[in-house]
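Work through the exercises below with the sequence and the model open side by side. Try each task before reading its solution.

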Amino acid sequence: MGVEIRVEGLTKSFGSQVIWSDVTLTLPAGEISVMLGPSGTGKSVFLKTLVGLLKPERGAIWINDRDLTKVREHQLYEMRKLFGVLFQDGALFGSMNLYDNIAFPLREHTKKTEAAIRSIVGEKIELVGLQGAEGKLPGEISGGMRKRAGLARALVLDPEIILFDEPDSGLDPVRTAYLNQLIVDLNAQIQATFLIVTHDINTARTVPDNIGLLYHRHLAMFGPREMLLSSEEPVVRQFLNAQRIGPIGMSEEKDADELAAESGQELPPLPPIPLQLDTSNGMVRPSARPAGEWGRANGVTPPPGSFQSANPAHGMAKT
Ligand SMILES: Nc1ncnc2c1ncn2[C@@H]1O[C@H](COP(=O)(O)OP(=O)(O)OP(=O)(O)O)[C@@H](O)[C@H]1O
Ligand SMILES: [Mg+2]
């Protein structure tokens, strides 16, 4: 069973540049959460802070009653074993073939025999569809294959917490669909706590239990998928529906003139909320909630046509 991560009042700066401040959210144990936000809002910095690679100026990250931002180096080393992380750039060792790259965390963190390692690595390689490429160097394969090798490596230690930074960037649409199914199936199987950074609106709308949006140096919103997909809050609405009209401009915030030019333009209605992606084998995810439950509990009527299919509105563009 995954563990809960409780982030309280977290603030991160580099020199005088505040990346985000006062971020408070709880990643519920065993649930899938997605973090969205315009490029440069600090999503990757957030993931790196969660694993203790970057130190925040203020705030706490509570995991199993320990504040990861305050523990000593050797405790941090222990806590890191809870995590499986896929960094945005894949971060494979260029001089090691895929097999050795994927085996690396097992050799580093466990005393398993090479035979045991071979079986685990083989299983993960199959999971991400890289059979036959074990002997290749990262420089000899495509970007999408490197991404999948990074995924396999993130999973070898059977982590309780899985952080994926844009696992779907550079993947073709079919592989993205497979990846999303893999995430849901994995979550059902191992019930780890997932946080996925993505720019793919279709993924954000159909995969997670919770969605967060980082914007303009703060966390604009974090909550159940249905809450954000029925939200009329301008930034959330604009981002989750991939629209040009709204407060977000090409270089983050629109200026007053741009906003004035838009005033009076009618926003298209909110598209229907799609059904959440189900497991492929009918296994039940304990954290999956019945469609429409959040709206019923909170007196919010979802947009017309919601929960009729898993396909989001047609023509939904990538951000
Ligand atoms: N080690 C660092 N030192 C100084 N500044 C940094 C460092 N890492 C990131 N930044 C800055 O922090 C900001 C947020 O970067 P980050 O990579 O987290 O954005 P992002 O939301 O992941 O963007 P994208 O969607 O393009 O991946 C950027 O302005 C970046 O230049
Ligand atoms: Mg990033």
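Predicted model: local features only at pLDDT ≥ 70, side-chain atom pairs only at ≥ 80, totals over all residues.

Residues are numbered from 1 along each chain as its sequence is written, and chains are lettered from A and ligands numbered from 1 in the order in which they are written.

**Exercise 1. Confidence**

Task: State the mean pLDDT of the chain and the share of residues that reach 70 or more.

Solution. Recall that pLDDT is the predictor's confidence in each residue, from 0 to 100. The chain has a mean of 89, and 94% of its residues reach 70 or more. Next, look at residues 313-319, where the pLDDT is below 50. Beyond near neighbours in sequence, this stretch has twelve contacts in the model. Two residues are in contact if their C-beta atoms, placed from the backbone, lie within 7 Å.

**Exercise 2. Overall form**

Task: Count the helices and strands of the chain, then compare its radius of gyration with the globule rule.

Solution. Helices (H or I, at least four residues) and strands (E, at least two) are DSSP runs, numbered from the N terminus. On that basis the chain has eleven helices and twelve strands. The radius of gyration is 20 Å, close to the 20 Å that the globule rule gives for 319 residues, so the chain is as compact as a globular protein of that length. The radius is taken over C-alpha atoms, and the rule is 2.2 Å times the number of residues to the power 0.38. Along the principal axes, the C-alpha atoms fill a box of roughly 65 × 45 × 40 Å. Finally, among contacts with a separation of 6 or more, 69% are between residues 24 or more positions apart.

**Exercise 3. The shell around ligand 1**

Task: Which residues surround ligand 1, and which helix gives the most to the shell?

Solution. A residue is near a molecule if its C-beta atom, placed from the backbone, lies within 6 Å of it. The shell consists of Phe14, Ile19, Gly37, Ser39, Gly40, Thr41, Gly42, Lys43, Ser44, Val45 and Gln88. Helix α1 (residues 43-50) gives the most, with three residues. By class, the shell has three nonpolar, seven polar and one charged residue. Here Ala, Val, Leu, Ile, Met, Phe, Trp, Tyr, Cys and Pro count as nonpolar, Asp, Glu, Lys and Arg as charged, and the others, Gly among them, as polar.

**Exercise 4. The nonpolar core**

Task: Describe the largest nonpolar core and what covers the buried residues of helix α3.

Solution. Start with burial: a residue is buried if 20 or more other C-beta atoms lie within 10 Å of its own, exposed if 12 or fewer, and partly exposed in between, with C-beta atoms placed from the backbone. By this count 38% of the 319 residues are buried. A nonpolar core is a set of buried Ala, Val, Leu, Ile, Met, Phe, Trp, Tyr and Cys residues joined through C-beta atoms within 7 Å. The largest one has 70 residues, and those with the most contacts inside it are Ile102, Ala152, Leu163 and Leu213. Helix α5 (residues 143-155) supplies the largest share of this core, six residues. In soluble globular proteins, nonpolar side chains tend to be buried together.

Then take Leu213: outside four places in sequence, its contacts are Leu36, Gly37, Ala220, Met221, Val235, Val236 and Phe239. In helix α3 (residues 98-109), the buried residues are Leu98, Tyr99, Asn101, Ile102 and Ala103. Their cover includes α4 (114-127) and α5.

**Exercise 5. Positive phi**

Task: Is Asp22 buried or partly exposed, and where is Phe307?

Solution. Most residues other than glycine have a negative phi. Asp22, in strand β2 (residues 17-27), has a positive phi of about 55 degrees. Asp22 is partly exposed, with 13 other C-beta atoms within 10 Å. Phe307 lies in the segment after α11 (293-298), and its phi is near 65 degrees. With 16 C-beta neighbours inside 10 Å, Phe307 is also partly exposed.

**Exercise 6. Two prolines**

Task: Locate Pro208 and Pro224, and list their contacts.

Solution. Pro208 is in the loop between α7 (201-206) and β9 (210-215). Pro208 is buried, with 28 other C-beta atoms within 10 Å. Not counting residues up to four places away, Pro208 touches Ile32, Ser33, Val34 and Arg225. Pro224 is in strand β10 (residues 218-224) and is buried, with 21 C-beta neighbours inside 10 Å. Leaving aside neighbours within four places, Pro224 is in contact with Asp209, Asn210 and Trp294.
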